[in-house]
Every structure is written in C-alpha cells, then in structure tokens.
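This report concerns one protein model. Please examine the sequence and the structure shown here before reading on.

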Amino acid sequence: MDNDSGARPAPDAHLPAGLRTPLRPDAFDAADETKITAIAGHFAAIMQELGLDLTDDSLAGTPRRVAKMYVQEWFQGLNPAHRPDVKLFENRYQYHQLLVERDITLFSCCEHHFVPIVGKAHVAYLPADNVVGLSKLNRVVQHYARRPQVQERLTRQIAEELQQSLGTPDVAVLIEADHLCVMSRGVNDTSSSTLTSEYGGRFATDAALRTEFLRQIGK
C-alpha cells in the first residue's frame, strides 16, 4: 500500500534517541511502489554482477519479488504508520499479578549482513489501572522485529514501547534467537543462540518476581 501524502510521524520519535533505528528524515517521502521499483532495479544489478541469467523464467521475477518482500514484509516495521495502536481496557477485575505472553514468534533481519534472525520473544507486565488485549503484545514485538535490527536494541525497543503504551514501568522482555549471520557464514556455528533481556520497574528490583517470570517461560 502506498504511503499517504499527508504529514507523517517522525520514525521512532517517541523512543529515546539511543533506541531509534537509524533512518534518514526523508525515509518515507517516496510511495511504497516507487521504492519497490527502485529496489527491484538495484537487486537485478546485484544478480547480474553475480552472473545470473535474468532471462531464465525462474529468475526473471526475482528482483521484484525481493523488493516487495523488503518493503511490504521484512521491513514494514520501519514505517511509523504501521506502529500498532495499543488499546487499553479498564482493569475492572483488579488483576494485579504477573501477566506473561510467552513464545511470541519473532522474525527479524540482521542489519549487519541482511540475513534472518529467527526466535521467540517473551514479555510480561504487572497490570495497574489498565490491561491490554493480548494480541497487541504480539503486534508490538512484530513491529520492532520487522526492520533491520540488532537484538540488543530490539529488546529495549519492545520494552520501552510497552512501558509507554501500558503506562507502567513494570515490564519484562526476554528474547532468544538464532542469527543466520552466525549460522551460515563466518564461524558457521549452528548450535549457539543469543539471549537478551530488559527488566523495568519492579522486575529490575525484585529478584523473586524475575525468577517467577523466568519460571513461567521455562528458563
């Protein structure tokens, strides 16, 4: 879908400067279709430099397929227009215990080598006056994952977004992921995985609460 022509929010403007994904101010001036056409041309040039025959019926459509994948799927989280609207509901039932959403499917892309990062995210919070629809937790994870990333920044972006949206510092995020830049190149290590975590509010000060969170996600 093409971008609207009206004013758009600045990318990640609500996040602290150190947590913003590096983007130019004009990153979303062009419509999606314009970007797809340009990227397809660039990717075709890469394939040609590799010696591939773009007249082959298996390869002819690859540049545009890759371009659409980048703009509309893999990197859709770059666009602030896709930031999820985290709708809150009054906590009428006065639930104030730990709420955990575990094993959220995470698919991202290493910004150093542009190959996939695949794993799971586990998030938790302590409800105060409001609670959130559970699917919104998944959508927050997906929004920040769907962009070129490093896992450390991704973990903190998710935590910061949830703290702001939920109106509470009491948020925990743990990500475990496999990086294809480690598995398929360089050291070619297929057995290691990467874990990162961010604990806010009571999760940062209460060891028993952190232990309960880790127990509930099987760690």
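This is a predicted model: local features need pLDDT of at least 70, side-chain atom pairs count only at pLDDT 80 or more; totals for chains, interfaces and linings use all residues.

Residues are numbered from 1 along each chain as its sequence is written, and side-chain values use heavy atoms, with hydrogens and water left out.

**Sheet.** Helices (H or I, at least four residues) and strands (E, at least two) are DSSP runs numbered from the N terminus. Five strands form an open sheet with mixed pairing, in the order β5-β2-β3-β6-β7. At its edges stand β5 and β7 (194–199), each with a single partner strand, so one side of each has no neighbour in the sheet. Two strands pair if DSSP finds at least two bridges between them; β2 and β3 do so in the antiparallel sense over nine bridges. Glu101 lies opposite Val123 of β3.

**Helices.** The expected span of a helix is 1.5 Å times one less than its number of residues. Helix α2 has 13 residues, and a straight helix of that length would span 18 Å, but its end C-alpha atoms are only 16 Å apart.

The table lists the buried residues, where buried means under 20% relative accessible area, exposed over 50% and partly exposed in between (1.4 Å probe, protein chains only).

| Helix | Buried residues |
|---|---|
| α2 | Thr62, Pro63, Val66, Ala67, Tyr70, Val71, Trp74 |
| α3 | Leu137, Val140, Val141, His143, Tyr144, Ala145 |

The cover over the buried residues of α2 includes α1 (32–49), β2 (99–110) and β3 (116–125). For α3, the cover includes β2, β3, β4 (130–132), β5 (148–149) and α4 (151–166).

**Ile46.** Helix α1 contains Ile46, which is partly exposed at a relative accessible area of 46%. Its C-alpha atom is separated by 29 Å from that of Arg20, 26 residues apart along the chain.

**Largest pocket.** A pocket is an open set of points on a 1 Å grid over the protein atoms alone, where a 1.4 Å probe fits, with protein on both sides within 12 Å along at least five of seven lines; lining residues have an atom within 4 Å of a point. The largest pocket is lined by 23 residues, of which Leu23, Ala27, Lys35, Ile39 and Leu78 lie nearest its centre. The elements giving two or more residues to this lining are α1 and α2, and α1 supplies the largest share, three residues.

Terms used. Contact means heavy atoms within 4.5 Å.
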